[in-house]
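Dear colleague,

Please find below the structure I am handing over to you, together with its sequence. My findings follow it.

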Amino acid sequence: MQSKPAKAYGITSVEQPLKEMTINRRAIGAHDVELEILFCGICHSDLHQIKNDFGGTMFPIVPGHEIVGRVTAVGDHVKAFKPGDLAAVGCIVDSCGHCEYCNDGIEQFCDEGVTFSFNSPDKVSGGHTFGGFSKTYVCNEKYVLHMPEFKDLAAAAPLLCAGITVYSPLKHWGAGPGKKVGILGIGGLGHVAIKIAKAMGAHVTVFTTSPSKVEDAKRLGADEAVLSSDADQMAQYSRKLHFIIDTVSAKHDVNTYLNLLRHDGAVVLVGLPPEPLEISAFGVIVGNRSFAGSNIGGIAETQEMLDFCFRHNITAQSEIIDIQYVNEAFKRLEKGDVKYRFVIDMASLGN
Ligand code: NAP
Ligand code: ZN
C-alpha cells in the first residue's frame, strides 16, 4: 500500500505563520489504524514547539497532539478497532514495547526513545511525525485510544494531553478525600486539573495571576481561588497544602509555592518554562518538601483517564475554531487570552 497525501497546517521555519500544506501519511501497516481527524486541541506545547522554545524543532512542523477522530481503515492484524469507531491519539504514537519502562506502561520514558505524535523522529517512515492539524492520522493500534461517546466530542479532545498530564500526577500524589491540592495556573491544563481533582474528592485551591479567573475558578469547581499577587491572601495558605500541580508555562517563582506546602508536600511541575527555575535550599529542606515533575502519562493510563472523565462528565471549556483562525489563536494563547482551550474543528480544513 502507498503512503497518502493529507491536507495539513504547519510551518517551514520559525517566525512564519502556519499555512496550508500537504504531508504524506504512511501506508497503513498490518497493525496500523487510520483516522479521519474530527477535532484537535491546541496545547501550549504546540506553541512552544512552533516557536522552537526548546531548540530541536524539526521543520516543516505540523503541530497537534489532542486528536479525536473516526477510524477509516485498519491493517490486516488490527483487532481492537474497526472502521466507523470513534478513536483518539494523544502525545505518544510509538515506543520499543519491551523495555522496563514500556513494560511498566510509561512509554513516554521508553529506553529506545518514545515517538511523539508530532515533531519526533519517526522510526517507521524515517522522517519525522506530523501532528493533528491535518485531515488524517496513521499509527499503530497500541497507541490509539478508544474514545468514549462524549456528548461534546470537540470539548473532550483536550483530554488527550491536558487531561492526562494532570490526571497522572493527581493520581500519583494521592488526590482524594482529605487532601488539600493546589492548582497553579488556570489555562488549558489547570482548568481541567480543577475538575479532575474535584472528581477525585480532593479539596482544591487555585492560584492565578489573572483577576478574571478568581471567580471563574470557583464556577469550574475550585473550593478556593487566590490571586497570587495578593500577599495577605497568599500568607493564609502557608504550610496548608499537601501538594500543588504547577502548570505555569513561563518562568515564575517556585519558592513562593513550596512555602505553601505541609511537611512532605510537593510542588509538581508539569508546565514547561523554557528557562531554568531557581529553588531556595530552605524551600525544600524546611518541612522535607519536594520539587517534582511529571510528564504526560502512558497509554493505559490515558485510556483510564478518558474513561474516568466520561464517567464524571468532565471535558474542557473550549472555544471551537476553524483552522484558518489558527495563527490568531496562537497569538491569543501566548497572551493568555483563551478560556480555556482552543479546539480546531477539522472539517474547516476541507478535503
Ligand atoms: P496555557 O493554557 O497557556 O496555561 C498556562 C497558564 O499559566 C496561564 O493560563 C496562566 O494562568 C499561567 N501563566 C502563564 N504565564 C505566566 C507567568 N509568566 N507567570 C505566572 N503564571 C503564568 O498552557 P497549557 O496548555 O495549560 O500548558 C501549560 C504548560 O504545560 C505549558 O508550558 C505546556 O508546554 C506544558 N505541558 C506540559 C506537559 C507535560 O507532560 N509535563 C504536557 C502538556 C503541556 P493564570 O492566568 O491563571 O495565572
Ligand atoms: Zn500538550
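Predicted model: local features only at pLDDT ≥ 70, side-chain atom pairs only at ≥ 80, totals over all residues.

A disulfide is a covalent bond between the sulfur atoms of two cysteines.

Six strands form it in the order 12-11-10-13-14-15, and their pairing is parallel. At the edges are strand 12 (residues 224-227) and strand 15 (residues 290-293), each of which pairs on one side only. On average, and ignoring direction, neighbouring strands of this sheet are turned by 20 degrees against each other. Strand 11 and strand 12 run parallel and are joined by four bridges; Phe207 stands opposite Val226 of strand 12.

Helix 4 lies across strand 10, strand 13 and strand 14 (residues 261-269), and runs at about 160 degrees to strand 13. Helix 6 lies across strand 11 and strand 12, running at about 170 degrees to strand 12.

Helix 5 deserves a separate paragraph. It spans residues 188-200, 13 residues in total, and reaches 19 Å from its first C-alpha to its last, close to the expected 18 Å. Is helix 5 mostly covered or mostly open? Helix 5 is mostly covered, with 10 of its 13 residues buried. Among the buried residues are Gly188, Leu189, His191, Ile194 and Met200. The elements covering the buried residues of helix 5 include helix 4 (162-172), strand 10 (180-184), strand 11 (203-208) and helix 6 (212-219). Helix 10 (299-311) and strand 17 (341-345) are also included in that cover. After helix 5 comes Gly201, which has a positive phi near 105 degrees.

Finally, a note on one loop residue. Gln236 is placed in the loop between helix 7 (residues 231-235) and strand 13 (residues 241-246). From C-alpha to C-alpha, Gln236 and Leu260 are 8.8 Å apart in space, while 24 residues separate their positions in sequence.

Yours sincerely

Key
Residues numbered from 1 in each chain as written. Chains lettered and ligands numbered in written order. Heavy atoms only, no water. Helix = DSSP H or I, 4+ residues; strand = E, 2+ residues; numbered from the N terminus. Expected span 1.5 Å × (residues − 1). Buried < 20%, exposed > 50% of the residue type's maximum accessible area, 1.4 Å probe, protein only. Contact = heavy atoms within 4.5 Å. Pairing = 2+ DSSP bridges. Axes fitted to C-alpha atoms, helices over the stretch in contact; angles between N-to-C directions.
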